[in-house]
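Please keep the sequence and the model in view while working through the numbered points.

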Amino acid sequence: IRNGLIAAAGANVSAPSDARVIDGAGLTVYPGLIDSYTNLALPEAAASPSPGGGGGGGFFLLQQQQPRPPSGPNSTQPAGLQPEVMVEDVIRPGGNEIESWRSAGVTTALTSPRSGIWMGQSAVINLSGDTPQQMIVRSPVAMHVGFTPLRTGTYPGSLMGVFSTLRQMMLDAQRYRDAMQIYERNPRGTRRPDTDRSLAALIPVVEGRMPVVMLANSEREINRALDLASEFKLKLLVAGGLEADKVADRLAKQNVPVLLSLNLPRRTTAAMPEADPEPLRVLRERVDAQQTAGKLAKAGVRFAFESGSMTNISDLLSNANKTIEHGLQPLDALRAFTIWPAEILGVKDQLGSIEVGKIANLTVTRGDLFDRNSRITHVFIDGRPVDLRPATPGGPGQGRNPLTGTWTVVVNLGQGDRTISLTLQQEGERVTGSISGPLGAGEISNGSASN
């Protein structure tokens, strides 16, 4: 390694006289791992109040302040509908999260805005550097879209409104592009079009030059994303992909990659003695999620692993191992952390493999990467070793998604206090899980976090 790049690699390479030599006996050197969907290096989002609801029946479960989407200056659209927002303008180096990810072997991440419908534009960053400029590998990478309605009491406040808004803004971007082209060809005698940064940011999207990442987990959400991409000829990537295997044939046919979450559904604590058994659907979902990666590989769908907003990054490799136990080939699991995300995110000439001239991002282990007893011994980013520290376990109420976990809640429906159990999984604003108690059990399939 010299000047942050791989200068030579091979069995017969001789170390230069000025090199620092590391004894690699018993170690394995891998390309640095890539987490292909995160909010790393972003400042904590400011909280904004949601409109208050009326009184009446029902009961209060849990509330969390909703992060306010970032806002760009001089925008024609409200926060959450501003595609011109770029994370490169707000990323910050350092912090406990970045240190935890590096200690788990992750050297590079795609970081994207936290919330919104037109969420903004992401960047590929190395998890080291004293300034944002030193961290950025490529920016912008993709436009990000979420399907969660705005919780501000204004339009769009429903799923139907979300898709109507997405379509309308892309149609407006096409007209804006045409109007600007007409004006630029012959400005004399033509009224100057009003500048619109939001619509201008969507022109590379509608022209297929910038990928669009849509956060979609259920079969229905993924099909909706595929329909929208077909309608506007978008260069689509699906993030999350919990049920992507159910539409694997369509994903392969449309050549749509998946940024597959390793935040696998799981029970976080023992069941309450008085609670009903977990529904069969919940148990099946846990098993199916571990099989998704193997099924996508067999169907020829390109995919890359991502942490999926997990609160305990030490689960990353152990969950990847579960996908291997359920049908994914170990070599494909390694590719899904290295060369495949590099290809999908447009940085294959810089990252993803150990080759001369590429950035010297390396993850070194004692034992096989996916072995439960392996240990990460060294991590290099831009050719420099970084300090490693044990990952800090998360739990209910901790981490970036504090609703994730199992909660005991006391409710009163007019017949005395009842104790129920909530098992929740939060990914961004989206909340799923199950509820069980003396009155039975049910599913939370399309919840959202709000205050």
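Predicted model: local features only at pLDDT ≥ 70, side-chain atom pairs only at ≥ 80, totals over all residues.

1. Helix α5 covers residues 219-232, and at 1.5 Å a residue its 14 residues should span 20 Å; the C-alpha atoms at its ends are 20 Å apart, which agrees. The expected span is 1.5 Å times one less than the number of residues in the helix. Helices (H or I, at least four residues) and strands (E, at least two) are DSSP runs, numbered from the N terminus. The buried residues of α5 are E221, I222, A225, L226, L228, A229 and F232. They cover an arc of only 160 degrees around the axis, which puts them on the same side of α5. Here the arc is that of the directions from the helix axis to the C-beta atoms, and buried means under 20% relative accessible area, exposed over 50% and partly exposed in between (1.4 Å probe, protein chains only). Just after α5, K233 takes a positive phi of about 55 degrees.

2. Residues are numbered from 1 along each chain as its sequence is written, and side-chain values use heavy atoms, with hydrogens and water left out.

3. As to the overall picture, the protein chain has ten helices and 20 strands. Of its 451 residues, 49% count as buried. Among contacts (heavy atoms within 4.5 Å) between residues at least 6 apart in sequence, 65% join residues at least 24 apart.

4. Which residues touch the most other members of the largest nonpolar core? They are L251, F303 and F305, in a core of 80 residues. Helix α3 (residues 159-185) gives the most to this core, with seven residues. Apart from it lies another core, of 20 residues, including V124, V213, L215 and L351. A nonpolar core is a set of buried Ala, Val, Leu, Ile, Met, Phe, Trp, Tyr and Cys residues joined through side-chain atoms within 4.5 Å. Leaving out residues up to four places away in sequence, L251 touches I222, L226, V238, A244, V256, V258, L296 and V301. Among these partners of L251 are I222 and L226, which are also among the buried residues of α5.

5. S103 is found in helix α1 (residues 96-103) and counts as buried at 13% relative accessibility. S103 and V386 are 283 residues apart in sequence, yet their C-alpha atoms are 8.8 Å apart in space. Beyond its neighbours within four places in sequence, S103 is in contact with I376, L388 and R389. N321 belongs to helix α8 (residues 315-325) and is buried, with a relative accessible area of 10%. With its neighbours within four places set aside, N321 is in contact with F370 and R372.

6. The backbone also deserves attention. Most residues other than glycine have a negative phi, and most peptide bonds are trans. The peptide bond from S139 to P140 is cis, with omega near -5 degrees, and P140 is found in the loop between β8 (136-138) and β9 (143-145). The bond from Y155 to P156 is cis, with omega near -5 degrees; P156 is found in the loop between β9 and α3. N3, in the segment before β1, has a positive phi near 55 degrees and is exposed, with a relative accessible area of 76%. S309, in the loop between β13 (303-306) and α8, has a positive phi of about 60 degrees although it is not a glycine, and S309 counts as buried at 11% relative accessibility.

7. On a 1 Å grid over the protein atoms alone, a cavity is a set of points where a 1.4 Å probe fits but cannot get out; a pocket is an open set with protein on both sides within 12 Å along at least five of seven lines, and lining residues have an atom within 4 Å of a point. Grid points are joined across faces, edges and corners, and a volume is the space filled by probe spheres set on the points. The second largest pocket holds about 1,100 Å³ of space and is lined by 31 residues, of which I1, A8, R20, V21 and I22 lie nearest its centre. The structure holds one cavity of 30 Å³ or more. The largest cavity has about 40 Å³ of space and is lined by P31, G32, T107, T108, L351, G352, S353, I359 and N361.
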